[in-house]
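Good morning, colleagues. Please look at the sequence and the structure on the screen, and I shall then go through some details with you.

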Amino acid sequence: MSFGINSMVERRLGGDIEYVKGHGNDEHCYFEENKTQRYSTQLNFDHKFSDKDLLVFRNSVSYFDRDLGVPDYRFNGKQVSTFSELSYTHANESVEWVAGLNLWTEDFNEKKLSQFPLRDYRRIILGAFIQNTWEANEKFSLETGLRTDYVNHYGAVILPRISAHYKFNKHFASRLGGGLGYKSPTIFTEESERIEYEGVLPIDRHFNKLEKSYGVNWDINYSTPLFGGNVFLSINHMFFYSYLDNPLMLRSVDAEQGIYRLVNIGGHTDSKGMETNVKASYNDFHLYLGYTLTDLKTKEGGNKTTNILTPKHRFNSILMYEVEDEWKVGLEAYYFSRQKLGDGLMGKAYVVCGFMIEKIWEHFSIYANFENFTDRRQTRFDTIYTGSLSNPIFRDIYAPLDGFVMNAGVKLRF
């Protein structure tokens, strides 16, 4: 059995730098203040009846208090959420069964600070699941699963999934899988966060409905030693497709009063693309390369639009030098292509680089991280707001804002 407690208390003040420094006036008066408190517990209990049978119980409880303030508006709410799961596993040489029950609860209460309707809600989800892993032989394995959730106010959802893996030879293997998913409606979306939830009407269970998704992916793996076994190469290439029915989006219902409602649009969002990952190892050096192509579009009525804040191309590269129990040194670089923004304009492509080093001894280690050491910031190559200093209209943030960040520390092992 294990039990843990986590806590975080934070206050962030941002906005006009003159205001932050305490020199605010009629012109330099814009601010954003976030006060958050988060406390959570984790409980895990495992009991082995035998080498083939295992009982697991997990539970977590989380309390979150957020106080968000901008000029002339304040949002404050408390959220208590819990998760509990009981599962039983039975396994033999070729087949493994897992069955269980779980319960999610979420209770949000907003503090009344104006005459605007409160966004309080309570969500209870009771689920049951069963899954099977079948190792048919050395080449073929099959994973299947079925879960059913009952969501209060929205009814039952049935979620099957399947994944098949086939190993052609010692170098080539492939996996094909797919399944269904869902998400219950909530005001806590990226679009609502962007406007600090001001003027966002509460979720209406008679008006809103579940977002349901369907997804499939297929990957091919190739691995082999090279140059007499001195170099090991591994390549994974994956194709993916997902379909989100009736996605929840923010719509204006009274532009003059600044009133918005989250609406399940009469359309869908589909995401398709591919991802390639390459790993090459030589002695203590490891090189990781990755590329992701994502085409994300939303269709509503007869119109099809590209989704915002989704770069079509992403590259990542990491070079690591690692001597076990002695050194870790890493250099990384990430490329993000241009992406569509909420105001209809296109963001600019950018590259973020990082470096880390860690020296390890038996009972402690010293590390240092140099994140974004090229100091790439959106404020250096693009704007983040329009309008005046006292009443800014913020554009989408698609690149780092904090620039070069260094942190260092000591890890102790007892």
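His47 is partly exposed, with a relative accessible area of 36%; partly exposed lies between buried, under 20%, and exposed, over 50%, with a 1.4 Å probe and protein chains only as cover. His47 belongs to strand S2, residues 31-48, where strands are DSSP runs of E of at least two residues, numbered from the N terminus. The C-alpha atoms of His47 and Met1 are 8.7 Å apart, although 46 residues separate the two along the chain.

This is a predicted model, in which local features need pLDDT of at least 70 and side-chain atom pairs count only at pLDDT 80 or more, while totals for chains, interfaces and linings use all residues. Residues are numbered from 1 along each chain as its sequence is written, and side-chain values use heavy atoms, leaving out hydrogens and water.

I turn now to strand pairing. Strands S10 (residues 211-226) and S11 (residues 231-245) pair in the antiparallel sense over 15 bridges; pairing requires that DSSP finds at least two bridges between two strands. Within this pair, Ile220 stands opposite His237 of S11. The hairpin of S10 and S11 has 4 residues between the strands, and Phe227 there takes a positive phi near 55°. S11 also pairs with strand S14 (residues 267-282), in the antiparallel sense and over 15 bridges. Here Asn236 stands opposite Asn277 in S14.

Finally, which residue is found in the loop between strand S17 (313-323) and strand S18 (327-336)? That residue is Glu326, and Glu326 is partly exposed, at a relative accessible area of 40%.
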